[in-house]
Amino acid sequence: MALAAEQRYLRQSRFAPLGEEGQRRIGGAHVAIVGMGALGSLQAELLARAGVGALRLIDRDFVELSNLQRQFLYEETDAQEALPKAVAAARRLARINSTIQIKPIVADLAPRNADELMEGVDLILDGTDNFETRYLINDFAVRESTPWIYGAAVASYGLKLAIVPGRTACLRCIYPEPPSGSQPTCETEGVLGPVTAAIASLQAGDALKILARGRESVAARLTTVDVWTGEIRQTASPARDHDCPCCARRKFPHLEGKLRAPISLCGRNAVQIHERARPIDLAALAGRLSPVAAVRVNEFALRAAVDTYELTVFPDGRAIIRGTTDVGVARSVYARYVGM
Ligand SMILES: [Zn+2]
């Protein structure tokens, strides 16, 4: 290791189970973080400071004021400028560690781009807030035999589980189908910064261990944390389902896009439209919309207040329509102002 790198990571490589060899492996590793909200932004900061050689930050959303209570890396100016989270995070991380590669990807992880966005990574961290995307990550991870670390948090509690294909249960061994009925969300139940930070830290800890010591090194126990009651629990490793459609029978419907539908975003009154990629000239769209709506545009996104909705359009044609959870209404707003 060069002297500067030796200095920078001294406290970490001095930790004997990691050591200089572990540090060298971490430095050569490539990690994708899917979702740069409360979990992903702290995972990214921890891994960037730890010297993970290359980070791919995948997020479809932009920074809002209500994110700042728990989402590391972001500042008030990011919210004012409505910067995409991946871009805001990459800028900040580059100031924290200029010696690693950081690639921001403003996109919705979907079946059509999953191979391209996650190709070649050594590990995937879950920073998402929905089961649809987690099943997609799980399908990809099992097919490619890539470890991934599942995490979730709402209100004051959260959970973490490392998934190492071929060795541990996969997400579909544990939840063959998405949980049915309405689930508690960050919008209905709220969420505390300390619990998202705790879960993100546990996920980052597993990530560093796997990168430094290999995929056999990590215990696949389910850890749950409640920062309000102070309760921390670990269950035995969940059993593998020997008839699991994903890791046993190797069927990957989520990756093949067979179960894909427009998503209502967690944590807000909004619908995302993302059926197909079709590049949009944001400046031209801003010109068309400005007579009828208040429009703000930068190179990353266009935001317009239309009727009672807030429409955000990205250059790849994806849009988030806020002010409704009705997919039909969202489609009609999109058709009316962007065009189908
Ligand atoms: Zn499985």
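Visitor: Which residues line the second largest pocket?
Guide: R25, G28, A29, D122, P147, I210, L211, R213, G214 and R215 line the second largest pocket. A pocket here is an open set of points on a 1 Å grid over the protein atoms alone, with protein on both sides within 12 Å along at least five of seven lines, and lining residues have an atom within 4 Å of a point.

Visitor: Before I go on, what kind of model is this?
Guide: It's a predicted model, where local features need pLDDT of at least 70 and side-chain atom pairs count only at pLDDT 80 or more, while totals for chains, interfaces and linings use all residues. Residues are numbered from 1 along each chain as its sequence is written, and side-chain values use heavy atoms, with hydrogens and water left out.

Visitor: Back to that pocket. What's its volume?
Guide: The second largest pocket comes out at about 150 Å³, a volume being the space filled by probe spheres set on grid points joined across faces, edges and corners.

Visitor: And which helix gives the most to its lining?
Guide: Helix α11, residues 193-213, with 3 residues. Helices are DSSP runs of H or I with at least four residues, strands are E runs of at least two, and both are numbered from the N terminus.

Visitor: How does the lining divide by residue class?
Guide: The lining of the second largest pocket has 4 nonpolar, 2 polar and 4 charged residues. Asp, Glu, Lys and Arg count as charged, Ala, Val, Leu, Ile, Met, Phe, Trp, Tyr, Cys and Pro as nonpolar, and the others, Gly among them, as polar.

Visitor: Switching to the metal. Which atoms hold the zinc ion?
Guide: The SG atoms of C170, C173, C244 and C247 are its protein donors, lying 2.3 Å from the zinc ion. Donors are N, O and S atoms within 2.8 Å of the metal, or 3.2 Å for Na, K and Ca.

Visitor: What geometry does the zinc site have?
Guide: The zinc site is tetrahedral, with angles of 95 to 122 degrees among the 4 donor atoms. Four donors get that label if all angles lie between 85 and 135 degrees. The ideal value for four tetrahedral donors is 109.5 degrees.

Visitor: How are the donors spaced in sequence?
Guide: The pattern for the zinc donors is C-x2-C-x70-C-x2-C. C170 sits in the loop between β6 (157-163) and α9 (171-174), and C244 in the loop between β8 (232-235) and β9 (270-273), so this pair ties together parts that are 74 residues apart in sequence.

Visitor: Is C170 buried or exposed?
Guide: C170 is buried, at 1% relative accessibility, and C244 is buried as well, at 0%. Buried means under 20% relative accessible area, exposed over 50% and partly exposed in between, using a 1.4 Å probe and protein chains only.

Visitor: Now the helices. Which residues of α12 are buried?
Guide: In α12, L282, L285, A286 and L289 are buried. They cover an arc of only 105 degrees around the axis, which puts them on the same side of α12. The arc is taken over directions from the helix axis to the C-beta atoms. A283 and R288 are exposed on the other side of α12.

Visitor: What about α3, which ones are buried there?
Guide: Helix α3, residues 19-27, has G19, G22, Q23 and I26 buried. Those span an arc of only 100 degrees around the axis, so they are on the same side of α3. E20 and R24 are exposed on the other side of α3.

Visitor: Last one: where is S145, and what's its phi?
Guide: S145 lies in the loop between α8 (131-144) and β5 (148-154), with phi near 55 degrees, a positive value in a residue other than glycine. At 34% relative accessibility, S145 is partly exposed. D307, in the loop between β11 (302-306) and β12, also has positive phi, near 50 degrees.

Terms used
Four donors count as tetrahedral if all angles lie between 85 and 135 degrees; four count as square planar and six as octahedral if opposite donors are over 155 degrees apart and all others between 65 and 115; anything else is irregular. On a 1 Å grid over the protein atoms alone, a cavity is a set of points where a 1.4 Å probe fits but cannot get out, and a pocket is an open set with protein on both sides within 12 Å along at least five of seven lines; lining residues have an atom within 4 Å of a point.
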